[in-house]
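Let's take a walk through this protein, one spot at a time. Keep the 3D view open while you read.

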Amino acid sequence: MITPKQQVIADSITYWNSGKTKEWQDLNINFVMGKREGYYFWDMEGKRLMDVHINGGTFSLGHRNPEIIEALIKGTENYDIGNHHFPSPLKAALAKELATVSPEGLNHAIFGACGAEAVDLALKSARCATGRKKIISVENCYHGHTGLAVSAGAERFSRLFLAKRGEDENIQVPFNDIDAMEHALAKEDAACVIMETIPATYGFPMPEPGYLPAVKKLCEKYGTLYIADEVQTGLLRSGTMWAITGYDVIPDMIVTSKGFSGGIYPISAVIMNEKASSWIRIDGSAHMSTFGGTELGCICALKVLEILQRKETVENVAFVSQYLREGLEKIKSENPDIFLEIRQNGTIMGLVFQGKQGAIPIMQRLFENGVWAIYSMLDNSVLQFKPGILCTKEYCDELLERMSTGIKQAKTKVLSQVE
Ligand SMILES: Cc1ncc(COP(=O)(O)O)c(C=O)c1O
């Protein structure tokens, strides 16, 4: 007799995405998502996991956050997705709120349904504003899978779809290399530089002191716009609403998504200054999206922004960041041969392990011990460690205990992989 879970896996292989389904099976991650609540989720057959992947920040406020669900349910009494052609009180309120929580001058917001759509829009906006086509991004960056976004990202994702663009349209420079950035910008033909403030899929390497402000200054010098992709780093995960302002940079555009939805109803946004938003005054119908900024999505995002601005939320981010750091430092000191480094800005963390693929066995042992954290796809030595910002002390204690056990158990395997 085949179990309901085995049936889902079989159907996923036959009808959904066989490659993706088998990828996890091959890694011994035999998991089908069932119940979810707060910072936990369960396999269909009952195995419980602590979620420290939180889909890149999507569940930063927890799975099925009751306040967001309540707002959504109440919203359905009067609203649906709305009409993308007309103004609406909810869209106007959300755009106004984004202007309030963003740096001075970023006063316009246009909405999308996902991160990549918003990235595409930001890139298009930069082209319209500058009359230039070239996009500069950093090596091993990740901005999503739509047309322009995937072509600006790592070749790992564009190759198969023949989406990589030529040097005249898109160039990449190494992260933290200001000379390479100036060399690219000095040609004075780039519409924009797009950067994740801390590149997530590359394992959260931290920007070196002064690097991001220097990039912004060069952008100003050479007439290029700066797009901060804050899809993973924004919304208080670093301790400030947008990580980029913590580095003293005011970008021309901020892209947000994931946690902006509260994990309940998809929505994304590009927040733009006057120059970057020129197209909306030239031709407001130049970009449209039926599901961009749905009214139900706006309701969820407004609730998210409300929760993020509470004093106790801000305080909890500081607590979680510091408490987990202390616990992880202890675990690191107990496993110095495999646990090499903790990269951190607030609740954004990358844990570096020994060997090129060190984070894969770590992920597997943590999974066995009831913790879900995933290796970085573009640097397999780093485990992405992304706790939710509302975690309690009790949750952190349990997490650290399970981390300690899982990391110890992975030791032999991690060391055996090192050439
Ligand atoms: C930094 C960054 N930008 C953009 C995206 C694309 O977002 P989405 O998957 O919603 O299209 C992602 C997704 O993981 C991301 O991490």
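## A serine in a helix

Start with Ser-404, which sits in helix 15, the stretch covering residues 393-417. Keep in mind that this is a predicted model.

Is Ser-404 buried or exposed? Its relative accessible area is 15%, and the cut-off for buried is under 20%, so Ser-404 counts as buried. Leaving aside residues up to four places away in sequence, Ser-404 touches Ile-331 and Glu-334.

## The nonpolar cores

In soluble globular proteins, nonpolar side chains tend to be buried together. Here, the largest nonpolar core has 60 residues. Those with the most contacts inside this core include Leu-98, Trp-242 and Phe-260. Which helix gives the most to this core? That's helix 12 (residues 295-308), with 9 residues. Another core, of 44 residues, lies apart from it, and Trp-42 and Leu-328 are among its members.

Now zoom in on Leu-98. Not counting residues up to four places away in sequence, Leu-98 touches Ala-109, Phe-111, Trp-242, Phe-260, Ala-269, Ile-271 and Leu-305.

## Around the ligand

Next, find the ligand. The residues surrounding it include Cys-114, Tyr-142, His-143, Glu-196 and Asp-229. Sorted by class, the shell has 4 nonpolar, 4 polar and 3 charged residues.

Which atoms does the ligand meet? An oxygen atom of the ligand is 2.8 Å from a polar backbone atom of Ala-116. On its own, the ligand exposes 390 Å², and the protein buries 83% of that.

Definitions and conventions: Residues numbered from 1 in each chain as written. Predicted model: local features only at pLDDT ≥ 70, side-chain atom pairs only at ≥ 80, totals over all residues. Heavy atoms only, no water. Core = buried A, V, L, I, M, F, W, Y, C linked by side-chain atoms within 4.5 Å. Buried < 20%, exposed > 50% of the residue type's maximum accessible area, 1.4 Å probe, protein only. Helix = DSSP H or I, 4+ residues; strand = E, 2+ residues; numbered from the N terminus. Contact = heavy atoms within 4.5 Å. Near = heavy atom within 4 Å. Polar contact = N/O pair within 3.5 Å; in protein donor to acceptor, adjacent residues only side chain to side chain. Areas by Shrake-Rupley, 256 points an atom, 1.4 Å probe, with all protein chains shown as cover. Nonpolar A, V, L, I, M, F, W, Y, C, P; charged D, E, K, R; others polar.
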